[in-house]
Amino acid sequence: MYIQTMKPKVNTVFETSERIWINANLATFDTTLEAGYGALNTQAIGVRGGRIVAIAPMSAFDAAATGAQIIDARGGWMTPGLVDAHSHLVFAGSRAREFELRLKGASYEEIARSGGGIISTVRATRAASVNELVALSEPRLQALMREGVTSVEIKSGYGLSLEDELKMLRAARILGQRNAVRVSTSLLAAHALPPEFADNADGYIDLVCNEIIPAAVAENLADAVDVFCENIAFSPAQCERVFQAAQQHGLGIRAHVEQLSNLQGAALAARYGAWSVDHLEWLDEEGVQTMAAAGTVATLLPGAFYFLRDTRVPPVELLRRYGVGMAVATDLNPGSSPLASIRLAMNMACTLFRLTPEEALAGCTRFGARALGLDDQVGQLRVGMQADMVLWDIDHPAELAYQFGVNLVRQRIVAGEVCNV
């Protein structure tokens, strides 16, 4: 007697889905897939409880067998939600006049003596209330969201006092509560020396380590610390003290390093298990090797490179050779990268740093997530991950780095919910 063995329908994996997108091409960035972009064509993807619960080919999908809401992607491409892993978007004041003076030939010192530079942003930020900072910063955040950003890092660093650093972080947390976006916060108190500590950098680092970090942790305001390790900012020894305090309080570590010189800050941060080190124009092979061993991400910031008219590019070939993941971010800030466009940052990463479009998109998804210590939650489309996704009106993922200024977002999805912004 012949007995036919029936294979179970693949649709059974969608039985628990609340919402299912069908007829979607997926750029998953799933590391287990060999295709470029981790591409899967003509798929269905189901979500429940804010997470991805099923991915399967449309050829095996039976819509009649599920009671979920069905959304037809109509052949559009879906990617993980974009991650902007480096921003200073909470601030008050404007540096547009300073930009104009610099283009007319004024030096950095002349601008600083006339009241410009980072201290002008510090003054304006200190004068603003939490609510004022939220109101000033929200349009910048929403500009990123309109381009498909679902996770964003926001730094402090323009307060440079206990009260004002915490005020900035509170504003960042409120922005995350008011908007459909995941906000990761970094305490960048070691950004610059405040005027009241003009001749006492070590004393200011004492304040950062002994008062500001513990206070930020007590209010759950910071996910990580950041430092500016440069000759014009803080020494490696001073930054190491901040890293040690961060470790004692269970915070992640990030660092601005090797932007203007090579102080071996990248290697130092990597030895402390840094999630990412950022800028990196002067990074050397020893630093790359240390980063590779630690799994530290290189966050590339082409906006600052462009805006400052720099000429020394980060060592992209070395990073590739040693398998160091490269994130791409806006560095949105008032002084050196007033750039509220993640897709322009992707394009710049390709044109200025010679990343491929796939590397640029990976830098704003998979590696952007890793730079924030969130790679177990976002940055890939695979079962078990948070359902933070973007459905695009494109024919190929390379279009996202190729073109900017045209809104290609059809749907921005956060925790499985379609969002207006």
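Trainee: Where is the place of tyrosine 158?

Mentor: In this predicted model, tyrosine 158 sits in the loop between strand S7, which covers residues 149-155, and helix H5.

Trainee: And is tyrosine 158 buried or exposed?

Mentor: Tyrosine 158 counts as buried, because its relative accessibility is 3% and the cut-off for buried is under 20% relative accessible area.

Trainee: What is tyrosine 158 in contact with, leaving aside its neighbours within four places in sequence?

Mentor: With those neighbours set aside, the contacts of tyrosine 158 include His88, Val90, Phe91 and Ile118, and also Thr121, Val122 and Thr125. Glu165, Met168, His191, Asn333 and Pro334 are among the contacts of tyrosine 158 as well.

Trainee: Which residues does UniProt list with Tyr158 for "binding site"?

Mentor: In an unreviewed entry, UniProt lists Tyr158 together with Asn333 and Gly335 under the feature "binding site". These residues span 178 residues in sequence, yet no two of their C-alpha atoms are more than 11.3 Å apart, so they gather at one spot. Under the feature name "binding site", again from an unreviewed entry, UniProt also places Arg95, Tyr158, His191, Gln259 and Ser336.

Trainee: Okay, take glycine 335 then; where is its place, and what does glycine 335 touch?

Mentor: Glycine 335 belongs to the loop between S13 and H12, and it counts as buried at 13% relative accessibility. Not counting residues up to four places away in sequence, glycine 335 touches Arg95, Arg102 and Phe307.

Trainee: What about serine 336, where is that one?

Mentor: Serine 336 is placed in the loop between strand S13, residues 326-328, and helix H12, residues 342-353. Serine 336 has 16% relative accessibility and therefore counts as buried. Its contacts, leaving aside neighbours within four places in sequence, are Gly303, Ala304, Phe307, Leu308 and Asp331.

Trainee: Where is serine 341 found, and what does serine 341 touch?

Mentor: Serine 341 is found in the loop between S13 and H12, and with a relative accessible area of 12% it is buried. Serine 341 touches Leu144, Glu147 and Thr330, when residues up to four places away in sequence are not counted.

Trainee: Going back to histidine 191, where is it found?

Mentor: Histidine 191 lies in the loop between S8 and helix H6, the latter running over 201-218. The relative accessible area of histidine 191 is 9%, so this residue is buried. Leaving aside neighbours within four places in sequence, histidine 191 is in contact with His88, Ile118, Gly157, Tyr158, Leu160, Phe228, Ala233 and Phe234.

Trainee: You mentioned S8; which residues make up strand S8, and is threonine 185 in there buried or exposed?

Mentor: Strand S8 covers residues 182-190, and threonine 185 lies in it. Threonine 185 is buried, since its relative accessible area is 0%. Not counting residues up to four places away in sequence, threonine 185 touches Ile154, Leu169, Ala172 and Arg173, along with Leu221, Ala222, Asp223 and Ala224.

Trainee: Where is alanine 172 found, and what is it in contact with?

Mentor: Alanine 172 is part of helix H5, which takes in residues 162-178, and at 1% relative accessibility alanine 172 counts as buried. With neighbours within four places in sequence left aside, alanine 172 is in contact with Val90, Ile154, Val183 and Thr185.

Trainee: How many residues apart are alanine 172 and glutamate 211, and what about in space?

Mentor: Alanine 172 and glutamate 211 are 39 residues apart in sequence, while in space they are 20 Å apart, taken C-alpha to C-alpha.

Trainee: Changing topic to the whole protein, how many helices and strands does it have?

Mentor: The protein has 15 helices and 16 strands, and 57% of its 421 residues count as buried. Among contacts between residues at least 6 apart in sequence, 72% join residues at least 24 apart.

Trainee: What is the radius of gyration of the protein?

Mentor: The radius of gyration is 22 Å, which agrees with the value near 22 Å that a compact globule of 421 residues would have. Along its principal axes, the C-alpha trace spans about 90 × 45 × 45 Å.

Trainee: Last topic, what about the surface and the charges?

Mentor: The protein exposes about 17,000 Å², and carbon and sulfur atoms supply 50% of that area. There are 35 positive and 46 negative side chains, and the centres of the two sets lie 4 Å apart.

Methods. Residues numbered from 1 in each chain as written. Predicted model: local features only at pLDDT ≥ 70, side-chain atom pairs only at ≥ 80, totals over all residues. Heavy atoms only, no water. Helix = DSSP H or I, 4+ residues; strand = E, 2+ residues; numbered from the N terminus. Buried < 20%, exposed > 50% of the residue type's maximum accessible area, 1.4 Å probe, protein only. Contact = heavy atoms within 4.5 Å. Rg over C-alpha atoms; globule rule 2.2 N^0.38 Å. Areas by Shrake-Rupley, 256 points an atom, 1.4 Å probe, with all protein chains shown as cover. Lys, Arg positive; Asp, Glu negative; His and termini not counted. Charge placed at Lys NZ, Arg CZ, Asp CG, Glu CD. UniProt positions renumbered as here; feature names shortened; annotations may be inferred.
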